Amino acid sequence: MKIFNINLLKLISKIPFRQYSGEYRIYHFPGFANTSNKDNVGEKKQKKLHISKTLGAASGISDTLTAQNSAPEHAIKSSPTKKSFTNLLLEGTTVVTNTNSKSPSGECAEKKVEKKPDKSKCLRAVPRLKWVNELPEDCRAKKTDIPTVKLRDGYVMPMFGLGTWLSPSAKVEKAVKHALKVGYRMIDCAHAYENEEAVGKAIKKSIEKCIVKRDELFITSKLWNTFHDPHLVMSACRQSLCDLNLSYLNLYLIHWPMGYRAGDELIPYDACGRVIGTRVDYVETWKAMEELVARRLTRSIGLANFNKHQIERIWKIAKIKPVVNQVECHPYFNQKRLMAYLKKKGIVLIAYSPLGAPARPWVKKDEPNVLHDNLIKTIAFNTGRTPAQICIRYQIQRGNAVIPKSVTPSRIESNFDVTNFELSDEEMKIIDKLDKKIRRVSLSMLANHPHYPFNDKF
Ligand SMILES: NC(=O)c1ccc[n+]([C@@H]2O[C@H](COP(=O)([O-])OP(=O)(O)OC[C@H]3O[C@@H](n4cnc5c(N)ncnc54)[C@H](OP(=O)(O)O)[C@@H]3O)[C@@H](O)[C@H]2O)c1
């Protein structure tokens with residue numbers, strides 16, 4: 001059994017999985033998966049302990065922190081997929097072994113690394129600081145029935161959109177094009193998803209084909225954790241604009257309150273495999289985000305994964321108040337308290353992982369899956385809908401925006417078909433009661449980062 005060290009992982013992090021052969025084992029960073037006590041840690045924990053040691057504690061922030069948990073929560077087997085290593089690492093998975101370690105083609109991993117496009121060219125081209133109507137004259141606005149919400153800064157946001165996390169570049173272009181054809185108008189993107197260029201191509205082509213006008217679109221991107229330093233915020237935003245082929249964003253979010261050391265790597269690790277954090281205060285980052293609005297690089301700014309205390313800190317100093325907080329929200333984690341708080345503040349909750357992120361890399365076989373929940377299935381049966389439609393409709397009726405991800409055309413269509421039915425009060429109450437306080441995206445390996453958001457109750 002061969003064990004990659006962390007530096008090798010970093011080196012190969014851009015290489016699609018399929019370029020490695022044989023059986024793979026995927027290990028989670030300690031404490032990185034679901035923190036719920038419903039999640040069993042599993043017997044494999046002990047068995048795989050040596051991996052954790054090999055990679056170092058792989059937990060915490062290098063200079064300030066020590067590992068919270070000392071063993072991988074669980075290990076899963078996986079066959080090669082097109083997901084990049086970086087995506088897996090990003091969401092908490094360490095790809096460790098290839099049991100036969102040989103590449104069948106005998107190709108050198110480095111050969112396959114795609115040459116990065118010259119961003120500097122693109123960056124020079126991007127900053128058109130006017131609102132640009134990128135619409136061909138003869139394009140007519142098409143009506144969709146998507147409910148909208150007025151944000152506190154006056155802009156209007158659709159309450160429904162397409163998620164793009166873990167959508168491989170090769171598939172996301174088609175998915176976004178299809179979604180725009182079907183009637184989606186909001187696309188949720190992020191630099192860290194490593195697919196913004198493909199999303200950008202889809203947007204450009206759809207505008208050129210008159211499927212949609214730029215004015216009708218609501219495009220969100222997110223500032224990644226390595227760009228929290230105020231002087232990096234503008235170039236990070238411009239990078240996303242460049243990749244997305246846009247002259248402005250509708251919404252730009254701070255992706256997480258925790259900052260990482262600046263640099264080329266999405267997740268910088270120290271020699272012991274621990275994430276290297278920064279002490280940059282997100283309050284300072286927020287001030288730089290406000291500057292983006294002044295420069296018209298984005299219309300609105302907001303937060304993701306912030307808790308009440310952190311929002312309060314920003315609220316106190318903000319010249320421009322955050323318009324949204326994008327957080328995990330589904331029937332098993334319904335965010336009732338945070339939702340009530342945000343409502344009072346006039347901040348819209350955008351529900352991410354509304355289907356419970358059933359295909360995230362660290363999903364466990366035997367964990368409760370919201371789409372297979374008996375009550376959700378019964379409501380779906382009674383209303384002639386799919387469980388996914390019930391979960392999506394649930395958020396819309398609660399007044400939350402919602403961004404289910406799919407790259408499957410039939411699902412993209414059916415997930416969109418949620419505007420012509422209503423859940424009864426009784427059905428809403430039944431779903432409310434399904435809350436299990438199960439967080440699927442916890443990044444708990446960072447639980448001792450000074451700005452880790454999920455140690456507070458909400
Ligand atoms: N701010 C943050 O930190 C953060 C964190 C997580 C997610 N997000 C955003 O929220 C979006 C949605 O969350 P998510 O991607 O974690 O999970 P999700 O939307 O809850 O679930 C997506 C998964 O469900 C499958 N799916 C979609 N429609 C389905 C249907 N009708 N029936 C059965 N399965 C279906 C998809 O498969 P296929 O694609 O194969 O169809 C995909 O595997 C993300 O894509 C991202 O844009 C933000």
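Predicted model: local features only at pLDDT ≥ 70, side-chain atom pairs only at ≥ 80, totals over all residues.
Of its 458 residues, 57% count as buried. The protein exposes about 20,100 Å², and carbon and sulfur atoms supply 50% of that area. Now to the contacts between residues at least 6 apart in sequence: 80% of them join residues at least 24 apart.

Next, the ligand. Where does the ligand sit? It sits in the second largest pocket. There are 29 residues around the ligand, and those that come nearest are Asp188, Ser353, Lys405, Ser406 and Thr408. Take Asp188 again: one of its polar side-chain atoms is 2.6 Å from an oxygen atom of the ligand. For His255, a polar side-chain atom lies 3.4 Å from a ligand oxygen. Trp165 takes part through its backbone, where a polar atom is 2.9 Å from an oxygen atom of the ligand. Taken alone, the ligand exposes 900 Å², and the protein buries 90% of that.

You will find Asn307 in the loop between strand S11, residues 298-304, and helix H10, residues 308-317. Is Asn307 buried or exposed? Asn307 counts as buried because its relative accessibility is 5%, and the cut-off for buried is under 20%. What does Asn307 touch, leaving aside its neighbours within four places in sequence? Asn307 is in contact with Pro453, Asp456 and Phe458.

Definitions and conventions: Residues numbered from 1 in each chain as written. Heavy atoms only, no water. Helix = DSSP H or I, 4+ residues; strand = E, 2+ residues; numbered from the N terminus. Buried < 20%, exposed > 50% of the residue type's maximum accessible area, 1.4 Å probe, protein only. Contact = heavy atoms within 4.5 Å. Areas by Shrake-Rupley, 256 points an atom, 1.4 Å probe, with all protein chains shown as cover. Near = heavy atom within 4 Å. Polar contact = N/O pair within 3.5 Å; in protein donor to acceptor, adjacent residues only side chain to side chain. 1 Å grid on protein atoms, 1.4 Å probe; cavity = no way out; pocket = protein on both sides within 12 Å on 5 of 7 lines; lining within 4 Å. Sits in = over half its atoms within 2 Å of the grid points.
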